[in-house]
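Please look at the sequence and the three-dimensional structure below, and keep both in view while you read this briefing. The points that follow are grouped by topic.

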Amino acid sequence: MVLNLGILISQDGSNMLNIVKACHEKKIQANVKIVISNNPDSKGLKKLKNFKTKSTILLLKDFKNKKAYEEKINELFKENNVNFICLAGYMIILERDFLEKWKKRVINIHPSLLPSFKGLEPQKQAIQKKVKFSGCTVHYVNDNIDDGEIIDQSIVKVDKKETVESLKKKILLEEHKLYISVLTKISKVLK
Ligand code: GRF
């Protein structure tokens, strides 16, 4: 099935841009229908201007509550024929009501080998624990943080002199590859 993706971001948007590029270059059978960011200063959002991909900034504070905010997201996805959702550095937890509408159709990428180091600053948690290997995980999203069924993972070696920053960079490179590989597989099996 051709994936019609809706992507939610809050940060730099490098994973999002990488997915947009892969679609543009026809590396995956997918189209990015709309990108929604709750961060108006996202670098990736600015770079997205080089593509024809639609994007919108939605601020939670402009809505009466989270339910109304997520209803708007749902509405935008429906209007744009989205059939699959990618979270890419999206920092707001999706509510159960929203996820019920998109069962098995929302995935996320997290920069650790889940179930280790859930939540914030997983690279820092990995360095502090002195793990020898870390990596990234793409998983289905449920209403617990970084908890859904794991789809695929990629491993990186943590060197003796590794810093949080160097580990972030190392993992991010793997994230870009892993997200595309997972989307390729999903586009082949999803009906
Ligand atoms: C990535 O490390 C992602 O795994 C995490 O947040 C970061 C977002 O990076 N959830 P970017 O916005 O895709 O550059």
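Which backbone oxygen does the side chain of Ser42 reach, and at what distance? The side chain of Ser42 reaches the backbone oxygen of Gln11, at 2.7 Å. This is a predicted model, in which local features need pLDDT of at least 70 and side-chain atom pairs count only at pLDDT 80 or more, while totals for chains, interfaces and linings use all residues. Residues are numbered from 1 along each chain as its sequence is written, and side-chain values use heavy atoms, with hydrogens and water left out.

**The loop between strand 2 and helix 2**

- Ser42 is found in the loop between strand 2 and helix 2, where helices (H or I, at least four residues) and strands (E, at least two) are DSSP runs numbered from the N terminus.
- Ser42 counts as buried because its relative accessibility is 1%; buried means under 20% relative accessible area, exposed over 50%, and partly exposed in between, with a 1.4 Å probe and protein chains only.
- Apart from its neighbours within four places in sequence, Ser42 is in contact (heavy atoms within 4.5 Å) with Ile9, Gln11, Asp12, Gly13 and Ser37.
- Asn38 also has its place in the loop between strand 2 and helix 2, and although Asn38 and Ser10 are 28 residues apart in sequence, their C-alpha atoms are 5.4 Å apart in space.
- The side chains of Asn38 and Ser10 are joined by a polar contact of 2.7 Å, a term for a pair of N or O atoms within 3.5 Å, of which, within protein, one must be able to donate a hydrogen and the other to accept it, and for which residues adjacent in sequence count only if both atoms are side-chain atoms.

**The nonpolar cores**

- A nonpolar core is a set of buried Ala, Val, Leu, Ile, Met, Phe, Trp, Tyr and Cys residues joined through side-chain atoms within 4.5 Å.
- Among the 38 residues of the largest nonpolar core, those that touch the most other members are Leu5, Ile7, Ile19, Ile107, Tyr179 and Leu183.
- At least two residues of this core come from each of several elements, including strand 1 (3-9), helix 1 (14-24) and strand 2 (30-37), and helix 6 gives the most, with eight residues.
- A second, separate core has 18 residues, among them Leu58, Ile73, Phe77 and Val82.

**Helix 1**

- The buried residues of helix 1 are Asn15, Met16, Leu17, Ile19, Val20, Ala22 and Cys23, and what covers them includes strand 1, strand 2, helix 2 (43-47), strand 4, strand 5 and helix 6.
- Just after helix 1, Lys26 takes a positive phi of about 60°.

**The pockets**

- The largest pocket holds about 1000 Å³ of space, and of the 38 residues that line this pocket, Gln11, Gly89, Tyr90, Met91 and Pro111 lie nearest its centre.
- On a 1 Å grid over the protein atoms alone, a pocket is an open set of points where a 1.4 Å probe fits, with protein on both sides within 12 Å along at least five of seven lines, and lining residues have an atom within 4 Å of a point.
- A volume is the space filled by probe spheres set on the points, which are joined across faces, edges and corners.
- The second largest pocket holds about 210 Å³ of space, and helix 4 (residues 96-101) gives the most to its lining, with three residues.
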